[in-house]
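Subject: Structure handover

Hello,

Here is the structure for your files. Please open it alongside these notes.

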Amino acid sequence: QNWLGGFLDYLFLFAPRFIVKSSKTYRAKLYLTAMMQKKIDDLEQNGPDGSTLSGMVFATVDGENIVQNDILSDSDQHKRLTRNQIIDNVFLLIAAGSETSSNTLTNIMYMMGKNRSVWEALIAEQKKIVAIHGSKLTKEILDHECPYLM
């Protein structure tokens, strides 16, 4: 929460550099950037793993997967996203995903609070499922046996 708040705070853009570099937000950004760099290095060494980040690392402008091509020509190299572009896109996805998820969860909780019968039906359904399957719930169980949740 701290880094995202600072990331989206426009006043932060006008702060003196020494204040920015000493903030929790800046340190969090450096940490996340280092982790992404490490993951990109791992992907380049070991190949794609099916993740969104992997898709960004190995995608080309024409949509071909560069892993299928044994050797990249110089003209193919400039069709790929740069590391900075990949990292910028990841930060954008994190910010977008955080906001949409938090807004969705907030609205769900608000609506359940306004509709007590819905909340009680959902709780009863969850207690029934846990009584049958225990704490080992899977997506398939939830999809097939929790109609009220879905």
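Below are the source details, then the core, the helices and one loop.

This is a predicted model: local features need pLDDT of at least 70, side-chain atom pairs count only at pLDDT 80 or more, and totals for chains, interfaces and linings use all residues. Residues are numbered from 1 along each chain as its sequence is written, and side-chain values use heavy atoms, with hydrogens and water left out.

**Core**

The largest nonpolar core has eleven residues: Met36, Ile40, Leu43, Leu53, Met56, Val57, Phe58, Ile86, Ile87, Val90 and Phe91. (A nonpolar core is a set of buried Ala, Val, Leu, Ile, Met, Phe, Trp, Tyr and Cys residues joined through side-chain atoms within 4.5 Å. Buried means under 20% relative accessible area, exposed over 50%, partly exposed in between, with a 1.4 Å probe and protein chains only.) Helix 3 (24-46), helix 4 (52-58) and helix 6 (83-114) each give two or more residues to this core. Helices are DSSP runs of H or I, at least four residues, numbered from the N terminus.

Take isoleucine 86. Beyond its neighbours within four places in sequence, Ile86 is in contact (heavy atoms within 4.5 Å) with Ile40, Leu53, Met56, Val57 and Leu81.

**Helices**

Helix 3 has 23 residues, which should span 33 Å at 1.5 Å a residue; its end C-alpha atoms are 33 Å apart, which agrees. The expected span is 1.5 Å times one less than the number of residues. Buried in helix 3 are Thr25, Thr33, Met36, Ile40 and Leu43. Glycine 47 follows helix 3, with a positive phi near 90°.

Helix 6 has 32 residues and should span 46 Å; its end C-alpha atoms are 47 Å apart, which agrees. Its buried residues are Ile86, Ile87, Val90, Phe91, Ala95 and Met112.

**Loop**

Aspartate 49 sits in the loop between helix 3 and helix 4. Is aspartate 49 buried or partly exposed? Partly exposed, because its relative accessible area is 44%. The side chain of Asp49 makes two polar contacts: 2.8 Å to that of lysine 39, and 2.7 Å to that of serine 51. (A polar contact is a pair of N or O atoms within 3.5 Å; within protein, one must be able to donate a hydrogen and the other to accept it, and residues adjacent in sequence count only if both atoms are side-chain atoms.)

Serine 54 lies in helix 4. Ser54 is buried, because its relative accessible area is 3%. Leaving aside neighbours within four places in sequence, Ser54 is in contact with Leu43, Pro48 and Asp49.

Best wishes
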